[in-house]
Amino acid sequence: MPDAVILCDRSFLYEKLFEEAGADVQFIKPEMLCSPFLPRFRALIIPTGFANQQYSRALKHLRACSEGIKNFVRSGGAVVVFGPLVPEHDYDWLPLAIKYRGEYTEAAQIKFSCDEAPLCDGSGDCDGYLEPGEGVEVLARDPAGRPVLCAGRYGEGMIFITSIHEFPSADFVRYVISMGKPSKIA
């Protein structure tokens, strides 16, 4: 059983990150997300650009599999979603009320952290900010006070949404995986 699944059209630099975190990862193409043959895993990671058709074909598959994603989180899975890289996005495929507004913010001005593990080492760039709804906790803000890292519980699981445009730290990857229970998208 892999610790985490990364939804992407091809593998890339995340391989080194997961090796550093000591985590077993499986890369899956977006069209495989709803496959009944996917194994159980603890965390689903959705990289930056998932809603921008220049970078990814993931959004239509995320929407088609929204009930499966909800079931995965409800059963204890953890989801980490990075910025969509579009002007606006409403995450209608997640069971949390949150919106994204695209607006690039310089790196040196933002410190990211989570109580248990830093999201990034030092500071990092943001490709936008978040507008959380009810039940969504703000974990980090940009210099203008706008949310850039939010989290919310759903059932037994957890969803992290961020607009950072950096690789997460190995500590954050380990933290997210430790939060998730082996679950299946079904």
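Biologist: In which sense do strand 4 and strand 10 pair, parallel or antiparallel?

Modeller: This is a predicted model, in which local features need pLDDT of at least 70 and side-chain atom pairs count only at pLDDT 80 or more, while totals for chains, interfaces and linings use all residues. Residues are numbered from 1 along each chain as its sequence is written, and side-chain values use heavy atoms, leaving out hydrogens and water. Strands (E, at least two residues) and helices (H or I, at least four) are DSSP runs numbered from the N terminus, and two strands pair if DSSP finds at least two bridges between them. Strand 4 and strand 10 are joined by four bridges, one of which links Ala 78 to Met 158, and their sense is parallel.

Biologist: How many bridges join strand 9 to strand 10?

Modeller: These two strands run antiparallel, and Leu 149 has Thr 162 as its bridge partner in strand 10. Their hairpin has two residues between the strands, and Gly 155 there takes a positive phi near 60 degrees. The number of bridges joining strand 9 to strand 10 is six.

Biologist: How many of the six residues of strand 10 are buried?

Modeller: Buried means under 20% relative accessible area, exposed means over 50%, and partly exposed lies in between (1.4 Å probe, protein chains only). In a regular strand the side chains alternate between the two faces of the sheet. Here Gly 157, Ile 159 and Ile 161 are buried on one side, and Met 158, Phe 160 and Thr 162 are buried on the other. Strand 10 is therefore largely enclosed by the rest of the structure, the number of buried residues being six.

Biologist: Which residue is the disulfide partner of Cys 34?

Modeller: A disulfide is a pair of cysteine sulfur atoms within 2.5 Å, and a search of the whole structure finds one. Cys 34 lies in the loop between strand 2 and strand 3, and its partner lies in the loop between helix 2 and helix 3, so the pair ties together parts 31 residues apart in sequence. With the sulfur atoms 2.4 Å apart, the partner is Cys 65.

Biologist: With which residue does the side chain of Arg 146 make a polar contact?

Modeller: Arg 146 is placed in the loop between strand 8 and strand 9. A polar contact is a pair of N or O atoms within 3.5 Å; within protein, one must be able to donate a hydrogen and the other to accept it, and residues adjacent in sequence count only if both atoms are side-chain atoms. At 3.1 Å, the side chain of Arg 146 meets that of Glu 103.
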